[in-house]
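Me: I would like to go through the labels attached to this structure and ask what each of them rests on.

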Amino acid sequence: MSSRLVIVANRVPNPKDRGATAGGLAVALHDAVAQREAMWFGWSGQTAEATAERPAEVVQGRLTYATLDLGREAYTRYYQGFANAVLWPTLHYRLGLARFQREDYIGYRAVNAAFAAALAPLLRPGDLVWTHDFHLFPFGRELRRLGCTQRQGFFLHVPFPPFGLFCALPRAEELLADLAAYDVIGVQTEDDAANLRGALEAVGQGEAARRVAAFPVGIDADAFLRLAERALSRVETRRFEQSLVGRALVMGVDRLDYTKGLPQRFAGYAQLLARFTTNRGRATYLQVTPVSRGDVAQYRSLRRELDEWAGRINGQYAEPDWVPLRYMTRPVQRPVLAGFMRLARVGLVTPLRDGMNLVAKEYVAAQNPADPGVLVLSRFAGAAPSMPGALLVNPLDPDEIAESLDAALSMPREERVARWQANRPAVWEASARAWSQSFLAALEG
């Protein structure tokens with residue numbers, strides 16, 4: 001009988017969420033939790049006067065959801081403070097945006113200790129504990145301090161920078177030492193693995209460095225393709241296609257975040273319209289960017305900048321019967337997005353730095369193999385090395401984005417098919433199932 005799998009993550013999915021509303025991690029881990037008895041443990045998403053000591057549990061078949069409310073002060077220090085104001089920008093190579101406060105770091109470690117103290121009594125001797133992402137670097141060490149001897153794995157979903165950058169983070173050495181508690185340490189790409197190994201070796205954690213390996217995250221490509229095909233008959237997709245009036249669609253999907261390169265992307269599209277004038281009136285760009293962390297000043301500033309770009313582009317180039325840029329900050333349901341991707345002649349995915357970027361893979365999966373669109377992809381996305389058919393761009397160069405957009409919009413069908421076929425293995429073979437199976441095989445060791 002398989003060991004019970006205990007997934008530990010900052011956020012636990014809502015037991016009521018299904019398919020279209022489930023988060024990215026929930027979608028990626030769907031196969032893993034479907035194959036065995038499992039528990040999903042972490043923050044409920046709710047705050048209270050104080051952090052709960054015992055989790056609330058909801059049982060659905062062989063899957064148990066165990067969640068803790070966070071104290072409001074703990075949430076501010078752990079989540080808004082150290083995790084998102086320090087680790088997030090640092091791991092994405094944006095050290096200048098990090099705002100370190102010692103009180104936040106103390107709060108971050110305190111929440112990790114509270115999580116471990118709440119989970120430890122629920123663990124069984126043969127459990128496999130799989131901890132996810134930068135919110136929980138110290139979690140494994142906290143479990144070990146409580147005497148937990150279960151096999152533990154850690155997976156970092158975001159990039160890991162070179163040690164020369166990471167060591168500028170206060171308490172970097174302590175965070176790296178935390179990783180020694182894990183039996184398997186996973187990252188997205190070979191570059192990330194090399195960076196993390198180098199950092200661990202630099203602080204005397206050579207044994208932990210040997211436990212680091214790349215496990216690229218994927219999607220269920222067949223399921224997303226079916227979603228996209230079915231979406232063609234949805235009212236929303238038909239209305240949207242009619243509104244294009246035969247124009248080619250360029251499409252981007254990103255949450256509002258400064259790592260996604262959105263101002264640079266808008267600048268690239270503006271350059272397309274300025275330099276390659278035949279595309280005026282012949283292409284429409286849809287950017288779907290749901291607002292996240294809207295209470296953070298940096299994100300409010302980014303939203304204002306994008307609003308200004310959208311107004312500038314449409315004000316300069318729009319015609320009475322054509323709006324060059326359609327910009328949405330409301331969430332769009334996953335099935336609707338899949339249908340829109342199916343229609344798109346170009347998928348525009350240009351993060352400044354990304355662990356993997358599953359939108360790139362979803363775009364490829366959604367295409368019609370006989371008449372596919374073209375993926376324009378940042379060379380700094382984790383997906384880039386495995387996508388030989390993509391047009392790779394430096395997201396900081398608006399002219400390079402413009403030139404690749406023009407090439408994609410004018411590309412003949414034969415070349416589009418060949419490029420799609422070159423991308424196919426990275427999407428169908430490096431799947432979500434392959435990712436979870438390979439990591440768990442290493443963890444079961």
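Predicted model: local features only at pLDDT ≥ 70, side-chain atom pairs only at ≥ 80, totals over all residues.

Me: Why is Asp 127 called buried?

Reply: Asp 127 has a relative accessible area of 2%, and since buried means under 20%, the residue is therefore classed as buried. Its place is in the loop between helix H4 (102–119) and strand E5 (128–132), and, leaving aside neighbours within four places in sequence, Asp 127 is in contact with Arg 4, Val 6, Leu 122, Gln 150 and Arg 151.

Me: What makes the pairing of the Asp 127 and Arg 4 side chains a polar contact?

Reply: The two side chains are joined at 2.7 Å, and a polar contact requires a pair of N or O atoms within 3.5 Å, a cut-off that this distance meets. The side chain of Asp 127 also reaches the backbone nitrogen of Arg 124, at 2.8 Å.

Me: Why are helices H10 and H15 called oblique to each other?

Reply: The axes of H10 (residues 221–231) and H15 (residues 358–366) come within 8 Å and cross at roughly 60 degrees; angles under 35 degrees count as roughly parallel and 65 to 115 as roughly perpendicular, so the pair is oblique. The crossing of H10 and H15 is right-handed.

Me: Which residues make the contact between H10 and H15, and of what class are they?

Reply: H10 contributes Ala 221, Phe 224, Leu 225 and Ala 228, while H15 contributes Glu 362, Ala 365 and Ala 366. By class, the contact of H10 with H15 has 6 nonpolar, no polar and 1 charged residues, and Glu counts as charged.

Methods: Residues numbered from 1 in each chain as written. Heavy atoms only, no water. Helix = DSSP H or I, 4+ residues; strand = E, 2+ residues; numbered from the N terminus. Buried < 20%, exposed > 50% of the residue type's maximum accessible area, 1.4 Å probe, protein only. Polar contact = N/O pair within 3.5 Å; in protein donor to acceptor, adjacent residues only side chain to side chain. Contact = heavy atoms within 4.5 Å. Axes fitted to C-alpha atoms, helices over the stretch in contact; angles between N-to-C directions. Parallel < 35°, antiparallel > 145°, perpendicular 65-115°, else oblique. Left-handed = near helix turned anticlockwise from the far one by under 90°.
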